[in-house]
Amino acid sequence: MPAVQLNSDVVLGVAIPSRNARGRIARLGEVVDQVLANHGYPPEIEKLLAEALTLTALLGSLLKEPQGQLTLQAQTKGGIVDLMVCDYLGGALRGYVRHDPERLAGVGAEPTLKQLFGEGYLAITFDQPVANERYQGIVPLEGKNLGDAAQSYFAQSEQIPSLVRLAAEKNDGHWVAGGLLLQHLPEGEEGRERLHTRLDHPDWPHIAILGGSVKAGELTDADLPLDDLIWRLFHEEEEVRTLDAAALTRGCRCDPDYVRSVIARFPADEREAMVGDDGMIRVDCAFCSSSFAIQPNELT
Ligand SMILES: [Zn+2]
């Protein structure tokens, strides 16, 4: 297997066994540019989606099953953003944001989560089809950024002391985003049911301080390999292990045949109403902005 490069478009597992800490570190470059390319979002929304995709990669890579899917969906009320969806499947990421550009223009360059989402919630869904496991946690979209919201997800829904840091920066027209997730798992391996959780274990504050010292500029420095950054943060620990690295890609799973089969299920009169001036039914994929043109008479 060729070695995965550890600078960009990659997520790397991390373990600090003597402190019962585990986590993931991720960086996205080209993948973010590719996801954003067709949307034409303003910079504030681009940054939001870049961070959301990074969080999706961190959480998605926790799934055990290669067929497992992780979905991040913001449900909002009265915010500038009324929909944000990202998902992860086998290292492939996609996402989009629906927002009100006029209202966005009325706030500053660094809108708060509250301004963006209003009374918003973040739904995080872990879906593992082979084990037939589906689990959803919902947390309020509060705090400075999505990292804070994810952190309270782990604290509230899973009762795992966690640290989440996210950053994204655009330089010379290209985005780089990075994220760090660390968790305290004192009762054994990740994924196993915990009988009780000690939120006051002395190992955790130590790891949280070291991990929390990571700078946004380090997370988004594409010249700094992720294993070097982990070493920089934790080199004084007895043992620091890097685990599997997974390459990240931009992937959309929209499929012309599937789109056609969905349209074919509509009653004939409704299908007729969908036909445009050019005699075709056009369906756009919200994720990748691909447009599918379907011949109405292909459907019968
Ligand atoms: Zn698509």
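Which residue of strand 13 stands opposite Arg282? In this predicted model, the residue opposite Arg282 is Ala293. The two strands concerned, strand 12 and strand 13, pair in the antiparallel sense over four bridges. Strand 12 covers residues 281-284 and strand 13 covers residues 291-294. Six residues lie between the strands of this hairpin, and within the hairpin Ser289 takes a positive phi near 65°.

The loop between strand 12 and strand 13 also holds Cys285, a donor residue of the zinc ion. The arrangement is tetrahedral because the four donor atoms subtend angles of 105 to 113° around the zinc ion, and four donors count as tetrahedral if all angles lie between 85 and 135 degrees. Along the sequence, the donor residues follow the spacing C-x1-C-x30-C-x2-C. Distant parts of the chain are linked by the pair Cys254 and Cys285, which are 31 residues apart. Cys254 belongs to the loop between strand 11 (249-250) and helix 9 (256-264). With a relative accessible area of 25%, Cys254 is partly exposed, whereas Cys285 counts as buried at 9% relative accessibility.

Nonpolar residues were examined next. In soluble globular proteins, nonpolar side chains tend to be buried together. The largest nonpolar core of the model comprises 63 residues. Leu49, Leu55, Leu59, Met84, Phe117, Leu122 and Leu146 have the most contacts inside this core. Helix 2 (residues 43-60) supplies the largest share of the core, with 10 residues. When residues up to four places away in sequence are not counted, Leu122 of the largest core touches Leu55, Leu72, Gln73, Ala74, Gly137, Ile138, Val139, Leu141 and Ala149.

A polar residue, Asn145, was also considered. Asn145 is located in the loop between strand 7 (133-140) and helix 5 (146-158). Its relative accessible area is 19%, so Asn145 is classed as buried, the limit being under 20%. The side chain of Asn145 reaches the backbone nitrogen of Gly147 at 2.9 Å. Apart from neighbours within four places in sequence, Asn145 is in contact with Glu51, Leu113 and Leu166.

Key:
Residues are numbered from 1 along each chain as its sequence is written. This is a predicted model: local features need pLDDT of at least 70, side-chain atom pairs count only at pLDDT 80 or more; totals for chains, interfaces and linings use all residues. Side-chain values use heavy atoms; hydrogens and water are left out. Donors are N, O and S atoms within 2.8 Å of the metal (3.2 Å for Na, K and Ca); water is not among the atoms, so sites may look incomplete. Four donors count as tetrahedral if all angles lie between 85 and 135 degrees; four count as square planar and six as octahedral if opposite donors are over 155 degrees apart and all others between 65 and 115; anything else is irregular. Buried means under 20% relative accessible area, exposed over 50%, partly exposed in between (1.4 Å probe, protein chains only). A polar contact is a pair of N or O atoms within 3.5 Å; within protein, one must be able to donate a hydrogen and the other to accept it, and residues adjacent in sequence count only if both atoms are side-chain atoms. Contact means heavy atoms within 4.5 Å. Two strands pair if DSSP finds at least two bridges between them. A nonpolar core is a set of buried Ala, Val, Leu, Ile, Met, Phe, Trp, Tyr and Cys residues joined through side-chain atoms within 4.5 Å.
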